[in-house]
Amino acid sequence: MADDPACPQWAARPSPLRTEHERRAALVELDALVAVWLGITANQLAAIFKSRYPQLYDFEMATYFDANGRKIAAGSFSYGHGQTKQDYLDLMAHLEDPERAPPPDGYQGPFCKADREAEMREAHAHFQARLDAEIAAGRWTPPAHEKANA
């Protein structure tokens, strides 16, 4: 469709969320932003993540990203784009002994381990600080909550 001159709205557009790591980071930031908006603390957000989404938590514990933002994960339901089971095994061998085991084909070090809880806490602190600054400057006033059945 991008090549169809009759449909210019389908033309390729630049996207700031090109890599799997960038898209995941955006989701983490949205979770934190909504938590701040709803008055949920960082500890409560982390507890919700661990207790309500245990499968996602488990997947994230075995997920890495390469220098280009490509995801490489242990579980077949959480593989990165184009990843094979062998890629994860090769990554584990590389992380254990980088001198003898090269990184998986198509991936480039350094590799970073996913840590959604830490990332959510960091994003929550950032958005909470921005909100607090706006309130302190008088540029925003939180709405008063109405009592139910008052």
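Colleague: Why is E60 called buried?

Modeller: Buried means under 20% relative accessible area, exposed over 50%, and partly exposed in between, with a 1.4 Å probe and protein chains only. E60 comes in at 7%, so E60 counts as buried. E60 belongs to helix 3 (residues 54–61). Keep in mind that this is a predicted model, where local features need pLDDT of at least 70, side-chain atom pairs count only at pLDDT 80 or more, and totals for chains, interfaces and linings use all residues. Numbering starts from 1 along each chain as its sequence is written, and side-chain values use heavy atoms, with hydrogens and water left out.

Colleague: What does E60 touch?

Modeller: Contact means heavy atoms within 4.5 Å. Leaving aside residues up to four places away in sequence, E60 touches R24, F49, K113, A114 and R116.

Colleague: What makes R116 and D31 a salt bridge?

Modeller: The term asks for a side-chain nitrogen of Lys or Arg within 4 Å of a carboxyl oxygen of Asp or Glu. For R116 and D31 the closest N and O atoms are 3.9 Å apart, and that pair makes the list. R116 is in helix 5 and D31 in helix 1, so the bridge ties together parts that are 85 residues apart in sequence. R116 is buried at 8%, while D31 is partly exposed at 36%. The helices here are DSSP runs (H or I, at least four residues), strands are E runs of at least two, and both are numbered from the N terminus.

Colleague: How many salt bridges does the structure hold?

Modeller: It holds 8 salt bridges. One of them pairs E134 with R139, closest N and O atoms 2.9 Å apart. Salt bridges that share partners also join R24, D31, E60, R116 and E119 into one network. Another bridge links E117 and R121 at 3.2 Å; both lie in helix 5, 4 residues apart, about one turn of the helix.

Colleague: Are E117 and R121 buried or partly exposed?

Modeller: E117 has 18% relative accessibility, so E117 is buried. R121 has 30%, so R121 is partly exposed.

Colleague: Why is the pair of F49 and Y57 called edge-to-face?

Modeller: Rings of Phe, Tyr and Trp (its six-membered ring) pair if their centres lie within 6.5 Å; planes under 30 degrees apart are stacked, over 60 edge-to-face, and the rest tilted. The ring centres of F49 and Y57 are 5.7 Å apart and the planes stand at 65 degrees, so the pair is edge-to-face. F49 is buried at 5%, and Y57 is partly exposed at 25%.

Colleague: How do you know that the charged end of R70 sits over the ring of Y107?

Modeller: The rule wants NZ of Lys or CZ of Arg within 6 Å of the ring centre and within 35 degrees of the ring normal. R70 is listed over the ring of Y107, 4.1 Å from its centre. K113 likewise lies over the face of Y64, at 5.7 Å from the ring centre.

Colleague: And H124, is it buried or exposed?

Modeller: H124 has a relative accessible area of 6%, so H124 is buried. H124 is found in helix 5 (residues 116–136). Not counting residues up to four places away in sequence, the contacts of H124 include A32, V36, I40 and L45.
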